[in-house]
Amino acid sequence: QDNQLPTSYHEAYRVLKPYLIPEVVFDVCPNDCILFRREYKDAVICPKCNNSRFKEGKIPKRTFHYLPLGPRLVRNFGTKDISCILQSHGGGNTPLENECSMADIHDSPKWKEAFSATGTFKGDSRGIGLSMCLDGLNPWSKNKTNYSMWPIVLGQLNLPRRVRYNFANLILAGIIPSQVQGKEPKSLDPYLEVLVDEIIFLSGCKIYDAYQNAPFHAKVEIMIYILDYQGLGKVFCLTGTGSYRGCAWCMHKGVYCKHLHKTVYHGNRRFLPADHVLREDCHNFPEQSKEKRQSPDSRKFQQDMLFHKAYDNAKNQAQANRIASGTGCREMYLLAQKNPSFDRVEQTMPDAMHSIAVQMKHFLKCIAGKAPEDGVAVRVEEKSLGRFKESWPTASAGTSKSGSSNNSNSAVVVNFI
């Protein structure tokens, strides 16, 4: 036979197009106020900031490319083997080999509750549990170009752990574009609203199950949100790291260190068991006493909702700032408003990866004698806390505005007592 290959790109694209994931392109307000969809579909000016939607020639200033979730789910359940794997987790009926440990999310009480007869998925193992990962990244960091885009990536929790987060099994829902000059988006809510609306729409739609050879009513829910600390503050409107109420799970209040020019969080021994030996240490902690206090109060989602509403109802910005400083919560956010089953405290978790990576990096640098935190400001702060006397400087040495020296070969000479 003659050559059967396509003769051009456009011809090849026509052949492949039925198999590609459909794409929906939304015009975006330059200030991330809204996406021009639904009631704003034909708007030319943003109703919130009055910024123009288009450049000259009806060219949109910014766009958001969204890859719908529905066609991917239809394709997965329409493939017999994949459909079988997606519902093989056992739901709430899988017995634990060891009641004291969990090897996977499928062993967790939350998973079993969701797949119980009275849970979110009503006992149907075909219910679709998702994890959502959202984080800013710079694809051109090696070129020293400032650009912050935010991919929205979904993981299929129904899959076995060994393949769940393989690249081929991750679902890219869209990439939130950067602001002008590569700055991070001012708000993520308009972009997440598209995904939340589709999940609400899909919950109740009929999907064909090739494994059981019958249609079923789909139920979809995001069960876990995987974010770093900056992402938590951005998505859930929290004051975040560096603030007085920096923790997203408890009401522990930080203390501002004037020598380090930042907020630190003392009293971590409060989280230890009551009989722990470190609670008895009176010398190596800032309190210089035994720690008899219990752990700080845990946050409750409903309580946080009241804090967010109080911020929105503040009489002026000064009052709003005081509420944010005292509670750690800023304005109300979309996920709490539109998702009836959402619970931020239960569905998020501390960013262990960054915490462990940073601590290990600093530990290894300390071993190598290259501790970046060993500077005059740190030693002066230790003197003000009255601990590690051998490291105190004899006099206040000149420090930079940053408040710390970046390496051990600093020109500042520190004399020890």
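This is a predicted model: local features need pLDDT of at least 70, side-chain atom pairs count only at pLDDT 80 or more; totals for chains, interfaces and linings use all residues.

Modeller: The protein averages a pLDDT of 85, and 91% of the residues score at least 70. Over residues 396–417, however, the pLDDT is below 50, although this stretch has 32 contacts in the model beyond near neighbours in sequence.

Biologist: What is the protein built from, in helices and strands?

Modeller: There are 13 helices and ten strands, and the C-alpha trace spans about 90 × 65 × 60 Å along its principal axes.

Biologist: Why is the pair of Tyr229 and Trp249 called edge-to-face?

Modeller: A pair of aromatic rings is described by the distance of the centres and the angle of the planes. For Tyr229 and Trp249 the centres are 6.5 Å apart and the planes stand at 75°; a pair needs centres within 6.5 Å, and planes over 60 degrees apart count as edge-to-face, so this pair is edge-to-face. The pair links distant parts of the chain, since Tyr229 belongs to helix 7 (residues 229–236) and Trp249 to the loop between helix 7 and strand 9 (255–257), 20 residues apart.

Biologist: How do you know whether Trp249 is buried or exposed?

Modeller: Its relative accessible area is 15%, and buried means under 20%, so Trp249 is buried.

Biologist: And what makes Tyr229 partly exposed?

Modeller: Tyr229 has a relative accessible area of 26%, which falls between the limits of 20% and 50%, and therefore Tyr229 counts as partly exposed.

Biologist: What makes Arg37 a charge over the ring of Phe26?

Modeller: Arg37 lies over the face of Phe26 at 5.8 Å from the ring centre, where the distance has to be within 6 Å and the direction within 35 degrees of the ring normal. Lys253 likewise lies over the face of Tyr244, at 5.8 Å from the ring centre.

Biologist: Which residues have the most contacts inside the largest nonpolar core?

Modeller: They are Leu134 and Phe236, in a core of 54 residues, to which helix 6 (residues 189–202) gives the most, with seven residues. Apart from this core lies another, of eight residues, among them Trp111 and Phe121. In soluble globular proteins, nonpolar side chains tend to be buried together.

Biologist: What does Phe236 touch?

Modeller: Leaving aside residues up to four places away in sequence, Phe236 touches several residues, including Leu227, His308 and Arg344. Phe236 also forms one aromatic cluster with Tyr225, Phe301, Tyr333 and Phe342.

Conventions
Residues are numbered from 1 along each chain as its sequence is written. Side-chain values use heavy atoms; hydrogens and water are left out. pLDDT is the predictor's confidence in each residue, from 0 to 100. Contact means heavy atoms within 4.5 Å. Rings of Phe, Tyr and Trp (its six-membered ring) pair if their centres lie within 6.5 Å; planes under 30 degrees apart count as stacked, over 60 as edge-to-face and the rest as tilted. Helices (H or I, at least four residues) and strands (E, at least two) are DSSP runs, numbered from the N terminus. Buried means under 20% relative accessible area, exposed over 50%, partly exposed in between (1.4 Å probe, protein chains only). A nonpolar core is a set of buried Ala, Val, Leu, Ile, Met, Phe, Trp, Tyr and Cys residues joined through side-chain atoms within 4.5 Å.
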